[in-house]
Amino acid sequence: MGLLHRHRQLTPYLLLAPGLLWLGVFFVVPLGFLAYQSLQSGNFDIGYSFSWAWGNYWNAVRDYRPQFVRSLEYAGIATVLALVVSYPVAYWIAFRGGRWKNLLLLFIVAPFFVTYLIRTLAWETILSDNGFVVHTLQHLHVLGPGGRLLATSTAVVTGITYNFLPFMALPLYVSLEQIDHRLLEAAQDLYASKWKAFVRVTLPLSLPGVVAGTLLTFIPAAGDFINAQLLGSPENHMIGNVIQSKFLELTDYPAAASMSFILMAAILVAVAVYARAVGTEQLTGTAV
Amino acid sequence: MTDVLTRRQLFERAAAGGAVLTVPGLLAACGGSSKKAASSTSSHQLAKTLRFSNWTLYMDRNNKNHTYPSLIEFEKKYGVHVRYTTDINDNASFFGKIQGPLSRGQSVDRDIVVLTDNDRYLALMIKKGWAEKLDKSAIPNIKNLIPVQQHPSFDPNREYSLPWQSGMTGIAYNDKLTDPILSIDDLLTNPKLKGKITCLNSMGDALTIVMLANGDDPTKVTDKSFNAAFNKIKQAVDSKQIRQFTGNDYAPLLAKGDLVAAMSWSGDIAQLGNKHLHWNVPKDGGAIWTDNMLIPKGGNVYTACVYMNYVYDPKVQGLMEAGDPKRNITGIYYIPPVAGAGEWAKKYDPSVANNPLIFPPKETLSKVKIFDSNALNNQKYLTAWQNLISA
């Protein structure tokens, strides 16, 4: 009896073990190593040694504040744009897609069978100075005669929005798809207009998808550097570009490591504030 | 997109991969012992396999069956299988990949790697003792090494390295969109080019040609000449003259017309073969860089040296450089370091042998300089440069 009891207590841990092991080996251990590295001093030639070099953090904030702020800004704008673009699409597929639902979802995902880099480079062609988009915008006087999109913040944000769109669209679809249509009928039976039914019933029920989608978009977008590198000018570079150059070009591992931690902390704070505002129960709400 | 990708090009795009590559690096650093480096063999016995890592599109190739004719020839002649991998896309990330194992005395499973002299990593490999000494008794053809390459500052007696190919840095422009751009001052200040030019992100390349335009000596960099060149480029960034810093991803943009002119590598323009794109050494001089073969610690010295000897045969080098249109073989199209390769190249493909970007005439070569290797390792310069290009 006692043994069985013990076993019963063990079961959840056994079930958790593979996940915990994965998290431990591939997240906690490297993170610990990164933390250790972020507090080292020295240089590549003479070697780095651990010395509680908190100065690395201070220097990073002092020297690269614009890039940190820009990263959160771009990621934030891209997340909002992705939400605005994805919501109607996900809504339409979930409510009107009928038997084409799966095919339509495939259309959203299809471009992402192509690698990230190629997709981003495609935007280099789309937004080209001599391309259709720029010519049209010039014609409409949105852009001046010498105006351009490539190597501007617009191009970078556009690239990020595009590249992370499915991370927004798919969770939105899942939460919208699960909504019980009878609830909407009930709302209309109770004299709610279509719009009111949407605002009072559909929207709140889809919030878990909105929360999951925004987090899945915002978090990787804030650390992205490919879009800024290929579609931006030096003035549009994000903190990811700085970390990449510190790590690979300057072999300044402590600086790169400390910046990674600051970025992580900044994202964590942003997410915490957001979760507070919308309520954490939305994360574990009806979508699960 | 052009289907001609030059070796540097891929990486600028695959910069993403760089960051990813370092993650396994970190893990490896945490523990996990891989096999110890085999102590270098100085015996005169060929290994079964030659493990050769090189840049992409940096070998003669048969377009029909996608093989490398000069490597097949080597395999036949010496009975050594060549495991040829084109996994070098830029110096920094490749160094990032091998420095972990090398610093722990572990094998990197390669006998030859190729690194560029205008980046700091080549000198660093030698300085850190991570390169094997060449066995010159196995390389009699070293006599064919052209004089200008015999005593570089990072390896004065060529004890550790031998050139693979060279290239020049200068200005390229699109003649449909501009008058000829022949000087750096024109490139960086001509208002007609505002926002339509790019600067190379490689510090050695960019600073060499700007210093020459300033009348300074890029082979002996001082704080004063560094600052003058740096500020000139910074002004061009601040005035929005310079649109981006690039690797060779400038090439398709130039061909498309998004760029009017660019700081550019000769080989890119030679490979693009677009008749509207012109490349020239700036009027005050250009830069020359060389990719060098090295044997990383633990590599098989004798086998690697036998291969080096093979490619320093002018006949072999001539084919590698020019290819052979009759057999559908494309050449490397960069600048060979082997004397006498030109004559053999002429036999295979006269148009390549007469291309001044591949076999540059003397007056061109007299105008190109090699960047000071000490400056490449100056952390202050490097940090200032990286902050400028990723502002």
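**Chain B: confidence, domains and a helix pair**

The score here is pLDDT, the predictor's confidence in each residue, from 0 to 100. Helices (H or I, at least four residues) and strands (E, at least two) are DSSP runs, numbered from the N terminus. Residues 1-41 of chain B have a pLDDT below 50. Beyond near neighbours in sequence, that stretch still has 88 contacts in the model. A contact means that two C-beta atoms, placed from the backbone, lie within 7 Å. Chain B as a whole has a mean pLDDT of 87, and 89% of its residues reach 70 or more. For the complex, the predictor gives an ipTM of 0.78 and a pTM of 0.81.

Some conventions apply. Residues are numbered from 1 along each chain as its sequence is written, and chains are lettered from A and ligands numbered from 1 in the order in which they are written. Because the model is predicted, local features need pLDDT of at least 70 and side-chain atom pairs count only at pLDDT 80 or more, while totals for chains, interfaces and linings use all residues.

Now the domains. Chain B divides into domain 1 (7-166 + 290-359) and domain 2 (167-288 + 368-389). These bounds come from an automatic or database domain assignment. The C-alpha centres of the two domains lie 27 Å apart. Across the boundary, 21 residues of domain 1 are in contact with 21 residues of domain 2. On the domain 1 side, H1 and S5 of chain B each supply at least two residues. H1(B) gives the largest share, five residues. By class, that side has eight nonpolar, six polar and seven charged residues. Ala, Val, Leu, Ile, Met, Phe, Trp, Tyr, Cys and Pro count as nonpolar, Asp, Glu, Lys and Arg as charged, and the others, Gly among them, as polar.

Strand S5 (residues 161-174) of chain B contains B:Asn174. B:Asn174 counts as buried because it has 22 C-beta neighbours inside 10 Å. The cut-offs are 20 or more other C-beta atoms within 10 Å for buried, 12 or fewer for exposed, and partly exposed in between, with C-beta atoms placed from the backbone. Not counting residues up to four places away in sequence, B:Asn174 touches B:Leu254, B:Gly257, B:Val260, B:His276 and B:Leu277.

Last, a helix pair. The axes of H7 (residues 223-238) and H16 (residues 379-389) of chain B come within 11 Å and cross at roughly 5°, so H7(B) is roughly parallel to H16(B). Axes are lines fitted to C-alpha atoms, for helices over the stretch in contact, and angles run from 0 to 180 degrees between N-to-C directions. Under 35 degrees counts as roughly parallel, over 145 as roughly antiparallel, 65 to 115 as roughly perpendicular and the rest as oblique. The contact residues divide into seven nonpolar, no polar and one charged.
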